[in-house]
Amino acid sequence: MKHPFLMVVLTFCVFSQYTFSQETVENPEKYTAHNKGKFYVYWGGNRETFSKSDIRFKGADYDFTLYDVVAHDKPKGWHVDYINPARMTIPQTNLRIGYFINDHYNISIGVDHMKYVMNNDRRVRYSGNYPNAGSYGENPVGNELTLTEDFLLFEHTDGLNYVNTEIARVDDISNLFSLPNTDVFQVNTVGGLGIGLLYPKTNTTLLGKDRHDDFHISGFGLSAKAGLNFTFFKHFFIQTELKGGYINMNDIKTTESSADSASQEFWFLQRIITVGGIFRI
């Protein structure tokens, strides 16, 4: 009596294993169903907008502040430099490497290479004093002067480097578009918060002095972002982001003299598009 029972049990086990195997083959779990343990890297470019800023300049024989200074970025547009290894750090760029600690959250480090250029030939308010006032074509009258190039050039063009770490959340919204196979095409929302240091190489010509020509930790920044991620064939993606934040630089090197410095704070907004890859090691 034992042998027929044993045969039934064995037959059931074999049948169950076969059925499970068939279901696994016919309905395998999607690679894109889980993110935990995955790494990603992306590279791309940005355009920036900056708020007005009050900039204070200090030295051994001067201390003055310019109010509501306007600045712009310095884009290259669609250019081969973005993929030229010898020149790819010249345009306004974004580089980020991250790791998913679970299916939704990842931590990352990156560099937002922005460019900040003060608008010259504008009349602005100022306070304080500096030597040889009026000899730079700036025409100081009352509490206003003109930002001539002889008086001041002020740029973070090599660049306004925001070296930061972020924590971000990613959510798959492919079902909203009835996408049949996320391993072929997947749509995700992205949102995150960041904090980091400003490490610019500032190009400043101030009152005829020789400029400081080296990278320097000048302050800190805070940021937040939201965007969309479009993943193709499991491993490749295009990501678009809107990223805004606050920058406070209280120790900007302006000339070769250690006594000379500047400080400013402002808000920024980046429009970013990147390409990247996501994978497990």
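The points below cover the nonpolar cores and then the salt bridges.

1. Please keep in mind that this is a predicted model. Its largest nonpolar core has 31 residues, and F57, F64, L66, Y130, F151, F154 and L160 are those with the most contacts inside it. At least two residues of this core come from each of β2 (53-59), β3 (62-69), β6 (105-118), β7 (123-129), β9 (152-172), β13 (236-253) and β14 (261-279). Apart from it lies another core, of 7 residues, including Y40, V170, V190 and F237.

2. Beyond its neighbours within four places in sequence, L66 touches S53, D54, I55, F57, V124, R125, Y126, L145, L147 and L152.

3. The salt bridges number 14. In one of them, R47 pairs with D73, with the closest N and O atoms 2.8 Å apart. R47 sits in strand β1 (residues 39-50) and D73 in the loop between β4 (71-72) and β5 (93-100), 26 residues apart. R47 is partly exposed at 39% relative accessibility, whereas D73 is buried at 6%.

4. What are the burial states of E166 and K225? E166 counts as buried because its relative accessibility is 3%, under the 20% cut-off. K225 is buried too, at 8%. These two form a salt bridge with closest N and O atoms 2.8 Å apart, joining strand β9 to strand β12 (residues 219-232) across 59 residues.

5. D158 lies in strand β9, and K201 in the loop between β10 (185-198) and β11 (202-206). D158 is partly exposed, at 34% relative accessibility.

Technical notes:
Residues are numbered from 1 along each chain as its sequence is written. This is a predicted model: local features need pLDDT of at least 70, side-chain atom pairs count only at pLDDT 80 or more; totals for chains, interfaces and linings use all residues. Side-chain values use heavy atoms; hydrogens and water are left out. A nonpolar core is a set of buried Ala, Val, Leu, Ile, Met, Phe, Trp, Tyr and Cys residues joined through side-chain atoms within 4.5 Å. Buried means under 20% relative accessible area, exposed over 50%, partly exposed in between (1.4 Å probe, protein chains only). Helices (H or I, at least four residues) and strands (E, at least two) are DSSP runs, numbered from the N terminus. Contact means heavy atoms within 4.5 Å. A salt bridge is a side-chain nitrogen of Lys or Arg within 4 Å of a carboxyl oxygen of Asp or Glu.
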